[in-house]
Amino acid sequence: MANFCTRCGRPLSPGEECGCQAKNEEKIVTEQSGSGFTRGIAAQANVDANDFQQAEWMRLLGDAVNRLKILAKKPVSEGKIFVSENNFQMAFAFVIFQALSVALFVVVLESKVSQLASNLMNGFGDLGVLLGYAIPSMSFSYVSNFFMAILLSTLLSGALAGLLYLVSGFFKNAISFKQAFCITSMRSVVTVPVAIIATVVNFVSPLMGIVALLMANIWAYCVLVQLIPSKRVGFDDLKPLMVFLVALGFLIVSVFAIYQSYEMFVPSF
């Protein structure tokens, strides 16, 4: 009577042992090894992709810093080349650089104002003690103010580009919003180094730091006049008026934005 394997049902000769179990075990080991190898490749691919992305971000950051140095030295001649490239990504990087530098300026200014107020109270002696009870000490939220200043500065830079875009169309010298953003990002290029210097000046004289930052903005608008392309004959004579209207509109928008958000910057008592 023929014997059969109890696992796979294959007919067996007398005394023969079926090797199906060994084959199944070998197959399972092979599949597990293959699956592990595949997962290893996928994991390595993810690591390589992350490393590549990080390296790409570092390269873009380095390019933006180097380009900012060149543009800061020659804002008009090199600025015209930059505007013609319509490099929105790098223009946005300049805006972020400005936001960071201005946010640092604001935090240092608040710290210095708080210190001066404290010294003023101490300078009055006993009267200062009485005033100290009457007027609570200033307590700025530096971390939240830093990030709020970054957000506000970035949004205002976008608003400036929008104003330039709209006013250019009104003067029949239409440019794209992307080009307007690249032009106004040169304001950031001019402002960044001055904002860094003004932050250091804040430690000596907050008033001088504020004046330096205001002067940088005036200088920046003078640069913008040179960078706006002329799309029609006779427009060059209208550029100063157009930039003046853009600056006036931006001043109104800035005052409104700061007024609406001032509660986030003033000290809590």
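Reply: Arg-67 counts as buried, with a relative accessibility of 16%; buried means under 20% relative accessible area, exposed over 50% and partly exposed in between, using a 1.4 Å probe and protein chains only. Keep in mind that this is a predicted model, in which local features need pLDDT of at least 70 and side-chain atom pairs count only at pLDDT 80 or more, while totals for chains, interfaces and linings use all residues. Residues are numbered from 1 along each chain as its sequence is written, and side-chain values use heavy atoms, with hydrogens and water left out.

The partner of Arg-67 is Glu-85: the two form a salt bridge with their closest N and O atoms 3.1 Å apart. Glu-85 sits in helix α2 and Arg-67 in helix α1, so this pair ties together parts that are 18 residues apart in sequence. A salt bridge here is a side-chain nitrogen of Lys or Arg within 4 Å of a carboxyl oxygen of Asp or Glu, and helices are DSSP runs (H or I, at least four residues) numbered from the N terminus.

The structure holds three salt bridges, so let's visit the others. Asp-63 pairs with Arg-59, with 2.9 Å between the closest N and O atoms. Both lie in helix α1, four residues apart, or about one turn of the helix. An α-helix has 3.6 residues a turn, so residues three or four places apart point the same way. Asp-63 is partly exposed at 31%, and Arg-59 is partly exposed at 42%. The remaining bridge joins Lys-239 and Asp-236, whose closest N and O atoms are 3.5 Å apart. Lys-239 is buried at 10% relative accessibility, whereas Asp-236 is partly exposed at 49%.

Now for the nonpolar side chains. A nonpolar core is a set of buried Ala, Val, Leu, Ile, Met, Phe, Trp, Tyr and Cys residues joined through side-chain atoms within 4.5 Å. The largest one has 39 residues, and among those touching the most other members are Phe-82, Phe-94 and Met-242. Helices α1 and α2 each supply at least two residues to this core, as do α3, α5, α6, α7 and α8. The largest share, eight residues, comes from α6.

Rings of Phe, Tyr and Trp (its six-membered ring) pair if their centres lie within 6.5 Å; planes under 30 degrees apart count as stacked, over 60 as edge-to-face and the rest as tilted. That rule gives six aromatic pairs. One of them is Phe-88 with Phe-181, a tilted pair at 4.8 Å centre to centre and 35° between the planes. Phe-88 belongs to α3 and Phe-181 to α6, so 93 residues separate these distant parts of the chain. Phe-181 is buried at 6%, and Phe-88 is partly exposed at 34%. Phe-177 and Phe-181 make another tilted pair, with centres 6.3 Å apart and planes at 40°. These two share helix α6, four residues apart. Ring pairs link Phe-88, Tyr-165, Phe-177 and Phe-181 into a cluster.
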